[in-house]
Amino acid sequence: MSTVSAPVPAFCSGIRESLGDAELADFDALADELIGIERLGVAYSGGVDSALLLAVAAEVIGRDRVVALLGVSPSLAASERRIARDVAARIGVELVEFDPGESELAGYRANGLDRCFFCKSALFTAIDERIVAEHDLDAVAYGENIDDSARPDRPGSRAAREHRVLAPLAAAGLTKPRIRALARALDLPVADKPAAPCLASRIPHGEEVTPEKLRQVEDAESVVRAQGFSDCRVRHHGSVARIEVPEAELARLLDPAVRRSLIRGVREAGFLHVAFDLAGLQSGLFSLTLLEEAPRD
């Protein structure tokens, strides 16, 4: 476990005065969910949801009484870790990095539909056992929003409930578009950052999650982004890498130079074959497909 001291924040007190009516209403709704908390730990990834929660908590509770808790494991891409560090520094709070140890859990490695439950359970268990007392926290929160809470492919929310982790964004009724709007108003650099699910989400359910597979996915996605694509997923199908990019950017794959670079780089990441998915980027593809195929009661 490592700690990054809080730098001088780029945020300033009095930010409420700079907000429009809609953003101010959402800021106040979120602030109301934090009333009474003396010291808060935010399970933090550097994405827009947890970053907004962290920023508002820092403003409402105080930067010296809010701690960003970043789980660092093979399922977190190095690029995401750098972003998380930069955003926490901008907000001006202490950042604690730790290994949740999810890869030690057989349920996580088995990669069933409940993989996220085991991942989040490991995260919150590590926070409960190793961090809460050390940092004198009286509450822990995470960045689930109201849209997430309605989705059927979010078993991690069950782990949050079991560990009594707060979900202030969802409690305040904040949707993803409203979260992004408030993040823009607060000048958070990740306001428009695409969703970045953990690397394990690229491995089909039922196929074991291993550090080597996660490394292959991370390296291959770095190759895709280096070619200028705004977002991507590289799905791991054994020796085959299936590349998804936003539908609006599919035409770039027709450029022979781009295609050759992608094929060469993805093969260097450890795949034998490279496929391009003409359906474009499909978030939550593996989980949602299985859930749709499941028999109904």
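## Burial and overall make-up

Of the 297 residues in the protein chain, 50% are buried, meaning under 20% relative accessible area with a 1.4 Å probe, protein chains only. This is a predicted model, in which local features need pLDDT of at least 70, side-chain atom pairs count only at pLDDT 80 or more, and totals for chains, interfaces and linings use all residues. Residues are numbered from 1 along each chain as its sequence is written, and side-chain values use heavy atoms, leaving out hydrogens and water.

You will find 12 helices and 8 strands in the chain; these are DSSP runs numbered from the N terminus, helices being H or I of at least four residues and strands E of at least two.

## Helices H1 and H9

Let's look at one helix pair. Helix H1 (residues 21–32) packs against helix H9 (residues 176–185) at about 105°, with axes 10 Å apart; the axes are lines fitted to C-alpha atoms over the stretch in contact, and angles run from 0 to 180 degrees between N-to-C directions. H1 and H9 are therefore roughly perpendicular, a label for angles of 65 to 115 degrees.

On the H1 side, the contact (heavy atoms within 4.5 Å) uses Glu 23, Asp 26 and Phe 27, while H9 brings Arg 178, Ala 181, Leu 182 and Ala 185.

## Helix H2

Helix H2 (residues 48–61) has 14 residues, which at 1.5 Å a residue should span 20 Å, and its end C-alpha atoms agree at 19 Å apart. In H2, 13 of the 14 residues are buried, so the helix is largely enclosed by the rest of the structure. Just after H2 comes Gly 62, with a positive phi of about 120°.

Notes. Angles under 35 degrees count as roughly parallel, over 145 as roughly antiparallel, 65 to 115 as roughly perpendicular and the rest as oblique. The expected span of a helix is 1.5 Å times one less than its number of residues.
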